[in-house]
Amino acid sequence: MAEISFRLQIGERDILLRQGETTLGRSEECTMLIDDVLLSRVHARLVVSDSEVVLEDLGSKNGTYVNEVRIQVPSRLHNGDQIRLGHTHMKLLVLRRRARSSQSHIRTMGFTTPPGFTTQVDAAPPGGDPSDVVFRMLKMGRLDEAAKILKSRASQLTASDEPLPVNHIMSRTLQEGLLGLAERSMDGSWLHRLFKLHVSCDWFMGADIQQKAEQLIRAVGQVKGDGLVAYVTYWGAKNAQLSAPLQQQLDRLQDLSKRGS
């Protein structure tokens with residue numbers, strides 16, 4: 001029996017769609033925030049099940065298009081369908097693989113096509129969305145506004161029964177936003193939140209995110225709160241699941257946690 005995965009290609013980004021509802025629009029409350037002046041605040045939504053993806057326009061002013069036809073009712077999408085919201089173009093990819101009995105894994109950083117899947121679309125490079133409103137707020141020095149958005153997104157993510165994987169673009173944007181806020185404010189409490197987020201979502205920290213976090217810990221002096229210790233303890237208990245390179249990463253953080261205690 002084949003397993004099905006749905007991915008959304010937006011430019012060079014390749015985003016895994018998880019089951020449930022994904023809202024799209026300009027509002028920071030949307031699951032997928034898109035910086036496009038032609039979009040309504042809450043423009044459309046994707047409803048994903050184990051066998052299909054349905055796209056619905058939510059009364060937007062400028063409409064939602066599939067293969068350049070404006071949709072008036074919820075519409076089931078098919079492999080290769082072209083979606084347009086304002087100036088933003090997307091493509092749905094339906095990927096199939098043979099079911100496996102079981103497979104343990106550690107979710108770690110990087111946009112990669114899952115093992116066994118085939119697609120002509122190259123995986124996008126790891127990284128958050130540089131056009132995201134959070135990074136614009138940080139660049140303009142509006143730290144309080146960036147903090148409010150990041151707190152809201154973290155709360156939504158950790159409240160989910162099945163959080164997004166660490167390599168999802170929204171997860172990456174949140175992690176990099178927390179690092180950016182820590183760097184701009186030189187406040188170690190944002191590093192505490194970063195490590196707590198990884199524990200809550202069962203994420204093992206990607207190598208580049210950890211490198212930035214280590215640099216900031218040394219620059220700031222300490223992590224305000226127990227986030228770093230909680231992260232080291234959490235993954236230390238899963239030691240048997242870690243490869244040698246991941247164990248080395250964890251060991252470096254453990255050394256840093258001891259210095260700060």
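**Figure 1. Buried residues of helix H4.** In H4, the buried residues are Trp190, Leu191, His192, Leu194, Phe195, Leu197 and His198. The model shown here and in the other views is predicted. An α-helix has 3.6 residues a turn, so residues three or four places apart point the same way. Helix H4 covers residues 189-200, and its 12 residues should span 16 Å at 1.5 Å a residue.

Figure 2. Most residues other than glycine have a negative phi. Met186 is not a glycine, yet its phi is positive, near 55°. Met186 belongs to the loop between H3 and H4, and it counts as partly exposed because its relative accessibility is 41%. Asp202 follows H4 and is not a glycine either, but has a positive phi of about 60°. The loop that holds Asp202 runs between H4 and helix H5 (207-220). With a relative accessibility of 25%, Asp202 counts as partly exposed.

Figure 3. Four aromatic pairs are found in a search of the whole structure. Phe204 is buried, as is Tyr231. One aromatic cluster is formed by Phe195, Phe204, Tyr231, Tyr234 and Trp235.

**Figure 4. Charged ends over aromatic rings.** Trp235, one of the residues in the aromatic cluster, has the charged end of Lys238 over its ring, 5.0 Å from the ring centre. In another example, the charged end of Arg84 sits over the ring of Tyr65, at 4.3 Å from its centre.

**Figure 5. Thr158 in helix H2.** Thr158 is part of helix H2 (residues 143-159). It counts as partly exposed because its relative accessibility is 34%. A polar atom of the Thr158 side chain lies 2.9 Å from the backbone oxygen of Ala154. The backbone oxygen of Ser155 is 3.3 Å from a polar atom of this side chain. Beyond its neighbours within four places in sequence, Thr158 is in contact with Leu197, Ser200 and Cys201. Thr158 and Lys196 are 38 residues apart along the chain, and 9.9 Å separates their C-alpha atoms.

**Figure 6. Thr173 in helix H3.** Thr173 is found in helix H3 (residues 169-185). Its relative accessibility is 4%, so Thr173 counts as buried. A polar atom of the Thr173 side chain is 2.8 Å from the backbone oxygen of Ile169.

**Figure 7. The whole protein, for context.** The protein has seven helices and 11 strands. Of its 261 residues, 46% count as buried. Its accessible surface comes to about 13500 Å², and carbon and sulfur atoms account for 48% of that area.

Conventions
Residues numbered from 1 in each chain as written. Predicted model: local features only at pLDDT ≥ 70, side-chain atom pairs only at ≥ 80, totals over all residues. Heavy atoms only, no water. Helix = DSSP H or I, 4+ residues; strand = E, 2+ residues; numbered from the N terminus. Buried < 20%, exposed > 50% of the residue type's maximum accessible area, 1.4 Å probe, protein only. Polar contact = N/O pair within 3.5 Å; in protein donor to acceptor, adjacent residues only side chain to side chain. Contact = heavy atoms within 4.5 Å. Expected span 1.5 Å × (residues − 1). Areas by Shrake-Rupley, 256 points an atom, 1.4 Å probe, with all protein chains shown as cover. Phe/Tyr/Trp six-rings, centres within 6.5 Å; stacked < 30°, edge-to-face > 60°. Lys NZ or Arg CZ within 6 Å of the ring centre and 35° of its normal.
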